[in-house]
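Dear colleague,

I am passing on the structure we spoke about, with the sequence and the coordinates together below. My notes on what was found follow, and I would be glad if you read them with the structure open.

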Amino acid sequence: MVSSKGGGELTKKVLGLGYWVQGLRCFPWLAVSFFLKDGLNVDPSTLQLLQNSANLPMVGKPLYGLVSDSVYISGQHRVPYIAIGAFLQALSWLAVAISPSNISIFTISIYLLLSNLGASIGEVANDAIVAEMGKQPPSSSKNSQSSSSGNLQSFVWIASSLGGVLGNLLGGIFIGRFSPQTMFLFYGLLLSLQFFITILVRESSLGLPKSPSVGIRKQLSELSAALRKPEIAYSISWFAASYAIIPALTGTMFFYQTQYLKIGSSVLGISKVFGQATMLLWGIVYNQYLKSVPPRKLISTIQAMMAVLMVSDFLFVRGFYRQMGVPDSLYVVIFSGFLEVLFFFKILPFSVLIAQLCPPGCEGSIMAFLMSAVALAFIVSGYLGVALASYIKVTGSDFSGLPLGLLIQAACTLLPIFWSSCIPEYVKTKSKRKD
């Protein structure tokens, strides 16, 4: 029998490695952006379409969650799926690494889909472990449960952010010195190492709560019942809509910064490092000072900050900061880097909220459904961004309509705040009872 303390420490190591490696995914994806732009000569809309379409496997997370909750492999139902996810990702990145430089867009799209399929499976298993561990606090009091869940959520958030900081820092350095294929190879080998480490871990040593294996049909029924709870259904619906309603202009901004402003890859790398550093700081600040803030108030404030920074981007494109003597590169490093990660700030407090709301036994399915809804929202956001870029007639060489697009984006970002009452102010204890 493994002690609770020993199991908890091993669990943190497994989760820390998993989230850290997933945080490093920005390393090869930075190379993907430049590879598609410079190697395959795609335009801004095609770049954004490809990157968003590659996220389609993320939408299947509820299915992966149901399978993880219901189908045991050698008596385990979390660790094997983490290993499977690492294996699929390693396979896809290594395949891209050894492919010729004139690889077709269709082929690289298949590899990117496979990579995100593996990432999705691994994330579902990791998220389920976090949710399960958050349901067994040292005492049964409401405050203890909230603290336990929040502490572990903050830990994995910090681990992911550290991976993001390192990934973007290395990406900014590597992209100017090595080929994209070399970067794909490096990350593929790292994933291979994670796979071999993970298969050596026995799930019984993690101290996870014991739960009987149930069929997928029963698990689906429990998931359906949980999603019929108003506090869960309304919260997830609002959260997904708050992303989907924003037309993303990431591909257009990438081309504007690199093609029009001639911002170098090293500056973009530093910008992403700055953004990831703020995510790391956010995890620490939230864990220390903001866990007691009502979720609705905190999430709505973040949504408003996103709109403010989009207006700041409008001023940037119009040359306002340049006239004030602020270099373009400085703005890109600080403000663009911060806005890029601010989109994800809401996920930490919302994940803590949902972990407290979801009934015991379907943590994996609920967390997977949430991440699936967010993934679908980002895809819709990306497609809306492509439509908006077409409407304002932005191309790889003409960015005259970009300021208008940024104002439309900011206005859309403010809209969800008006129905933020869908998010509960506090978690009621009755939502945590056992069925």
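Which residues make a nonpolar surface patch of about 260 Å²? In this predicted model, that patch is made by Val71, Ile73, Ile84 and Ile216. Of these, Ile216 is placed in helix H9, residues 216–227, and it is partly exposed because its relative accessible area is 38%.

As for the overall picture, the protein chain has 18 helices and zero strands, and 58% of its 435 residues are buried. Among contacts between residues at least 6 apart in sequence, 87% join residues at least 24 apart.

The aromatic side chains deserve a section of their own, with a count of 28 aromatic pairs. One of them is the edge-to-face pair of Phe27 and Phe174, with 5.4 Å centre to centre and 75° between the planes; this pair links helix H2 (residues 26–39) with helix H7 (residues 142–174), across 147 residues, and both of its members are buried. Tyr321 and Phe335, by contrast, have their planes at 15° and their centres 6.2 Å apart, and therefore count as stacked. Tyr321 lies in helix H14 and Phe335 in helix H15, 14 residues apart; Tyr321 counts as buried at 16% relative accessibility, whereas Phe335, at 33%, is partly exposed. Both belong to a cluster linked by ring pairs, which also includes Tyr256, Tyr260, Phe316, Phe320, Tyr331 and Phe399.

Finally, two lysines lie over ring faces: Lys12 over Phe155, at 5.0 Å from the ring centre, and Lys346 over Tyr243, at 3.9 Å from the ring centre.

Definitions and conventions: Residues are numbered from 1 along each chain as its sequence is written. This is a predicted model: local features need pLDDT of at least 70, side-chain atom pairs count only at pLDDT 80 or more; totals for chains, interfaces and linings use all residues. Side-chain values use heavy atoms; hydrogens and water are left out. Helices (H or I, at least four residues) and strands (E, at least two) are DSSP runs, numbered from the N terminus. Buried means under 20% relative accessible area, exposed over 50%, partly exposed in between (1.4 Å probe, protein chains only). Contact means heavy atoms within 4.5 Å. Patches are made of residues with over 30% relative accessible area and no salt bridge: like charges are joined within 9 Å, nonpolar side chains (Val, Leu, Ile, Met, Phe, Trp, Tyr) within 5 Å. Accessible areas come from the Shrake-Rupley method with a 1.4 Å probe; for residues, only the protein chains shown count as cover. A salt bridge is a side-chain nitrogen of Lys or Arg within 4 Å of a carboxyl oxygen of Asp or Glu. Rings of Phe, Tyr and Trp (its six-membered ring) pair if their centres lie within 6.5 Å; planes under 30 degrees apart count as stacked, over 60 as edge-to-face and the rest as tilted. A charge sits over a ring if NZ of Lys or CZ of Arg is within 6 Å of the ring centre and within 35 degrees of the ring normal.
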